[in-house]
Amino acid sequence: MNETNAGGVRGRSVEIVVPVHNEAHVLAESIGRLHTYLEASFPFPFRITVADNASTDSTWREATDLTLRLPHVHAAHLEAKGRGRALKHVWSRSTADVVAYMDVDLSTGLEAFLPLVAPLLSDHSDLAIGSRLHRQAAVERGAKREFISRSYNRLLKLGLAARFTDAQCGFKAVRTDVFRALAPHIEDTAWFFDTELLVLAQRNGLRIHEVPVDWTDDPDSRVDIVRTALDDLRGMTRMLRTARTRIAVPRRTSTPQVPAARVPVLAAHLEYAS
């Protein structure tokens, strides 16, 4: 990847994937806002990739139009649905040093993006997640979603010994070389993809960085909560039965790969490693 950035710095790079399915009505506004924000304030080379997974509306046409209008936007099209499938497809092929994703509704405040990826760019951590359940997070959402989210993450702690606080926040990043090592062992292609990635990382001693986020619930969200919850429970059961196979994952270097002056002071965070 050879992208320019706000400070004119060339160095370690980030690819941000926005997985979409039938999001033509919000795509241009959301990607435009993200592009403007990163171009103005993000100090590393970046690429935004819209990953259209089997949309049946005009999402793909909107995505390709954005690639013509915005210099850092690219697009990929998949014939089958699944957020995990879309992420795995783009992340596995990325030439960036760090790959990330966020939901198209941009529910998570963008000011958290640099604190999310900076520890990965500096080789301090291996994965990074936004947490809506961190004590310093600011979240606006209904009581039902809050209860389901807390209950799910509690089940992960009890059943899979998870030490991360928020498995399903749509705001994550991972070192690309680490993801390539973990990817063949990730079976889920939908919403449980995130949890499976994190549990595998924890089981293999990788460092997971957490960032408290400002998050506002999207009233237009079309996620089937009941179906997603059932799929997540099935995924948890499968992982309980899975042997803890050790994966040969790339280790962090002892010397930071990004000059300290380029890495900002981060918001309060936690790291977890097994």
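**Close-up views of a predicted model**

**View 1. The lining of the largest cavity.** Sorted by residue class, the lining of the largest cavity comprises 4 nonpolar, 3 polar and 2 charged residues. Please keep in mind that this is a predicted model. The residues to look for are Met102, Asp103, Asp105, Leu106, Ser107, Thr108, Gly170, Phe171 and Trp215, which line the largest cavity. The volume of this cavity is about 30 Å³. Searching the whole structure turns up 1 cavity of 30 Å³ or more.

**View 2. The whole protein, for orientation.** The protein contains 8 helices and 10 strands. Of its 274 residues, 52% are buried. Taking contacts between residues at least 6 apart in sequence, 82% of them join residues at least 24 apart.

View 3. Helix H4 covers residues 113–121, and because 9 of its 9 residues are buried, the helix is largely enclosed by the rest of the structure.

**View 4. Where helices H3 and H7 meet.** A pair of packed helices is described by the distance between the axes and by the angle they form. Here the axes of H3 (residues 83–93) and H7 (residues 193–203) come within 9 Å, crossing at roughly 55°. H3 is therefore oblique to H7. On the H3 side, the contact is made by Arg83, Gly84, Leu87, Lys88 and Trp91, while H7 supplies Phe193, Asp194 and Leu197. By class, the residues of this contact between H3 and H7 are 4 nonpolar, 1 polar and 3 charged.

View 5. Leu182 belongs to helix H6 (residues 176–182). Is Leu182 buried or exposed? Its relative accessible area is 0%, so Leu182 is buried. Setting aside neighbours within four places in sequence, Leu182 is in contact with Leu197, Leu200, Ala201, Leu206, Ile247 and Val249. Of these partners, Leu197 also takes part in the contact of H7 with H3. Ile247 is 65 residues from Leu182 in sequence, yet the two C-alpha atoms are 7.1 Å apart in space.

**View 6. His35 on helix H1.** Which residues is His35 in contact with, leaving aside neighbours within four places in sequence? They are Phe46, Ile48, Leu70, Pro71, His72 and Val73.

View 7. Phe44 is found between H1 and strand E2 (46–53), in the loop that links them. Phe44 has a relative accessible area of 2% and is therefore buried.

Definitions and conventions: Residues are numbered from 1 along each chain as its sequence is written. This is a predicted model: local features need pLDDT of at least 70, side-chain atom pairs count only at pLDDT 80 or more; totals for chains, interfaces and linings use all residues. Side-chain values use heavy atoms; hydrogens and water are left out. On a 1 Å grid over the protein atoms alone, a cavity is a set of points where a 1.4 Å probe fits but cannot get out, and a pocket is an open set with protein on both sides within 12 Å along at least five of seven lines; lining residues have an atom within 4 Å of a point. Grid points are joined across faces, edges and corners, and a volume is the space filled by probe spheres set on the points. Ala, Val, Leu, Ile, Met, Phe, Trp, Tyr, Cys and Pro count as nonpolar, Asp, Glu, Lys and Arg as charged, and the others, Gly among them, as polar. Axes are lines fitted to C-alpha atoms, for helices over the stretch in contact, and angles run from 0 to 180 degrees between N-to-C directions. Helices (H or I, at least four residues) and strands (E, at least two) are DSSP runs, numbered from the N terminus. Angles under 35 degrees count as roughly parallel, over 145 as roughly antiparallel, 65 to 115 as roughly perpendicular and the rest as oblique. Contact means heavy atoms within 4.5 Å. Buried means under 20% relative accessible area, exposed over 50%, partly exposed in between (1.4 Å probe, protein chains only).
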